[in-house]
Amino acid sequence: MKNLGFYNGKIDELENMQVPMLDRACYFGDGVYDASYANNHTIFALQDHLNRFYNSAKLLNINIPYEKEELQYLLIELVNKVDSPTQFVYWQVSRGTGIRNHIYPEGMKGNLWVMITPKPLADPNKEMSVVTMEDTRFFHNNIKTINLIPAVMYSTDAHSQGFDECILHRGPDRVTECAHSNVSILKDGCFITAPCDEYILPGIARKHLLEACTALNIPYEEKVYSLQELFDADEIIVSSSTHICRRVKMVDGKPFVGKDSSTFKKLQDYVFNEFYDYTNAKRID
């Protein structure tokens, strides 16, 4: 198949799929999702993504209609049905189906959606331009819900201004994350990233960068840092499932010259080697 859609057991190419209007995702955005990248038909860090997916659903009292191990095997099976070996793998569960009502019945059965599309891995050596914006989203950013209108608006605004990504902040004293990525900095050889609280999503790529720091004996801190600390950093690093580890070259239209390429490259090489080892594929960068 060139791509794949799955809805509660029905499988077809995405262009042929339909979902019921009464799915609560359609009128409330009432659901959670997760996503990863598949290389060589192998989904990277699948257990990490499933753990986050089930935790998000639990925090919103959403019933996933599959046990974790069942969903793991299902996703592996579906990935192998798509021709391209490199794929973006997205799955979500909505709370269920019913007439529109804010109050939902206890024990409502969730609806599982899966979408798999061919996608080449982003060039890790292509540096990024970013813009900073005030973070006015709600206070449950740690839950990966499908209510993504704020992220859509931030991303579109940044793109229309010619930027690759948008770094969000809650006033000048706290950088949070990007519109659809995490952001971290290097300063004096130390990797610094925002703490996992209600302000940020605990990114899987972020988690693997912290593991890389441990393996490489690079000191790291999970702490609040300011916009000024971002501007004064030696390196700014954007990470996500599709970007993994990217370097920033421009902030708010001004060139940002990195000053610790050695530490950055060690981290980037480590997480990309892990990615290619995990997916049993040859590095292409």
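How far apart are the end C-alpha atoms of helix α5 (residues 204-216), and what should its 13 residues span at 1.5 Å a residue?

Modeller: The model is predicted, and what follows should be read on that basis. The end C-alpha atoms of helix α5 are 18 Å apart, which agrees with the 18 Å that its 13 residues should span at 1.5 Å a residue. The buried residues of α5 are Ile204, Ala205, Arg206, His208, Leu209, Leu210, Ala212 and Cys213. Two helices are among the elements against which these buried residues pack, namely α2 (46-59) and α7 (261-279). The others are the strands β10 (182-187), β11 (190-193), β12 (220-222) and β13 (235-239). After α5 comes Asn217, with a positive phi near 60°. Most residues other than glycine have a negative phi.

Positive phi values also occur elsewhere in the chain. His41, which is not a glycine, has a phi of about 60°, and its place is the loop between β3 (31-39) and β4 (42-43). With a relative accessibility of 23%, His41 counts as partly exposed, because the cut-off for a buried residue is under 20%. Ala45, likewise not a glycine, has a positive phi of about 55°. This residue lies in the loop between β4 and α2; α2 is also one of the elements packed by the buried residues of α5. Ala45 counts as buried, at 4% relative accessibility.

Buried in α3 are Leu71, Gln72, Leu74, Leu75, Leu78 and Val79. Seen down the axis of α3, these buried residues fall within an arc of 165°, so they line one face of the helix. An α-helix has 3.6 residues a turn, so residues three or four places apart point the same way.

Two loop residues deserve attention as well. Arg174 is located in the loop between β8 (165-169) and β9 (175-178), and at 11% relative accessibility it counts as buried. The side chains of Arg174 and Asp197 are joined by a polar contact of 3.0 Å. Leaving aside residues up to four places away in sequence, Arg174 touches His169, Pro195, Asp197, Tyr199, Val224, Tyr225 and Ser226. Met17 belongs to the loop between β2 (10-12) and α1 (24-28) and counts as buried at 17% relative accessibility. With the same exclusion of residues up to four places away, Met17 touches Gly5, Phe6, Tyr7, Lys10, Ile11 and Asp12. Between Met17 and Ile204, which are 187 residues apart along the chain, the C-alpha separation is 29 Å; Ile204 is one of the buried residues of α5.

As for the setting of these parts, the protein contains seven helices and 15 strands. Its radius of gyration is 19 Å, which agrees with the value near 19 Å for a compact globule of 285 residues. The C-alpha trace spans about 55 × 45 × 35 Å along its principal axes. Of the 285 residues, 52% count as buried. Among contacts between residues at least 6 apart in sequence, 71% join residues at least 24 apart. The protein exposes about 13,300 Å², of which carbon and sulfur atoms supply 53%.

Note on methods. Residues numbered from 1 in each chain as written. Predicted model: local features only at pLDDT ≥ 70, side-chain atom pairs only at ≥ 80, totals over all residues. Heavy atoms only, no water. Helix = DSSP H or I, 4+ residues; strand = E, 2+ residues; numbered from the N terminus. Buried < 20%, exposed > 50% of the residue type's maximum accessible area, 1.4 Å probe, protein only. Polar contact = N/O pair within 3.5 Å; in protein donor to acceptor, adjacent residues only side chain to side chain. Contact = heavy atoms within 4.5 Å. Arc of directions from axis to C-beta. Rg over C-alpha atoms; globule rule 2.2 N^0.38 Å. Areas by Shrake-Rupley, 256 points an atom, 1.4 Å probe, with all protein chains shown as cover. Expected span 1.5 Å × (residues − 1).
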